[in-house]
Number of protein chains: 2
Amino acid sequence: MNSDLLIANITKQVPLSTAEQHLFTSLLEPRTVYKKEYLLRQGDICRHDYFVNTGCLKICYTDEKGIECVTKFAIENWWVIDIESYLYASPCFYYYQAVEDTTLLQISKTNLEHLLQTIPALQQFMTTRWQNSFIALQHRFVQSLSLSAEEKYRLFREKYPGLELRIPQKLVAAYLGITPEFLSRLRKKAATDFS
Amino acid sequence: MNSDLLIANITKQVPLSTAEQHLFTSLLEPRTVYKKEYLLRQGDICRHDYFVNTGCLKICYTDEKGIECVTKFAIENWWVIDIESYLYASPCFYYYQAVEDTTLLQISKTNLEHLLQTIPALQQFMTTRWQNSFIALQHRFVQSLSLSAEEKYRLFREKYPGLELRIPQKLVAAYLGITPEFLSRLRKKAATDFS
């Protein structure tokens, strides 16, 4: 189990002593979710906080027309949690499915709460993490309402560098809220623009 | 200056000793923003965290067609901050304008950071605040993509009880992303449904 990426992710924001790092690492469990398997299904209760070491998950819901809406992707160095389900033990509205074989580290709610009580810097890390998650979602919201598909595609490539080469195009299209055919046209245009 | 509502807002989530409450209160400044005045304009730097005691603000941006988009309202007992501007000293993308005469309490970034260092429970309050803000924004995002105007209107009335009687209908329509005429039809239908 390699926790270097996770520890670096935290210590980039807040300092942790060697003892605190060891304590954190001792409470992590490895988890593998193979391609097409679910980390969490709609209706599950989320009882862990997760960190992606390698691979990619899609976070989705099905709209009232039965269409899969991709709200985001979680790739290496991303935290994953269904925060509403985790906080309130309510059924997940979203589902979390592996797009590639994905290795994660997970920590249970009980253990994470213990860490937050024991390591004050970690509480500060959590505040910053959720403030930044809020900012990212705000951007995505405004973009979805205001930007052209071309602009949204450009931002997707900025946010997830190289990801479009790893995953099916129909998933990128579902994230952008456009058809795969339209995405194909955007890709050709982008290739021409940057050639 | 009445800080009872603010202190109750915090102590509903986390305990604060009397000394901690006094320390917090001693660092608050009162602020009044009269109807149509701005708390923050687009391009300003947000240097405070704000709490609404009375009144109502609208939080908006102007889209590329010059149309005002209302992202949310801040009423009594709500916190207001432009978190991206506050954290990164970047210009506000949103503007914060009073819809009614609004009284607030504000705390400067320096003082809030001092409090967060001094009162550990406050850091926990902040994490919870931002987790809940994230959940609320996630709901609004999915609703904006998936729900009918009628359903969005029902949720608006649930989230902001009585607010539609206090503010111009065109603002409610701008929040819902529909025309005032269409809102008027929804209101008549709701009045019939609930009569």
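**Tour: strand β3(B), then the cysteines of chain A**

Select Thr54(B): Thr103(B) in β8(B) stands opposite. This is a predicted model, where local features need pLDDT of at least 70, side-chain atom pairs count only at pLDDT 80 or more, and totals for chains, interfaces and linings use all residues. Residues are numbered from 1 along each chain as its sequence is written, chains are lettered from A and ligands numbered from 1 in the order written, and side-chain values use heavy atoms, without hydrogens and water.

Now widen the selection to β3(B), residues 48–54. Helices (H or I, at least four residues) and strands (E, at least two) are DSSP runs, numbered from the N terminus. In β3(B), 6 of the 7 residues are buried. Buried means under 20% relative accessible area, exposed over 50%, and partly exposed in between (1.4 Å probe, protein chains only).

Two strands pair if DSSP finds at least two bridges between them.

Next, show β6(B), residues 79–80. Here 2 bridges join β6(B) to β3(B), again antiparallel. Pick Phe51(B): Trp79(B) in β6(B) stands opposite.

Switch to the cysteines. How many disulfides are there over all chains? The count is 0, with a disulfide taken as a pair of cysteine sulfur atoms within 2.5 Å. Select Cys56(A): the nearest cysteine sulfur belongs to Cys60(A), 9.9 Å away. Cys56(A) is buried, at 0% relative accessible area. Move to Cys60(A): the nearest cysteine sulfur is that of Cys69(A), 8.4 Å away. Cys60(A) also counts as buried, at 0% relative accessibility.
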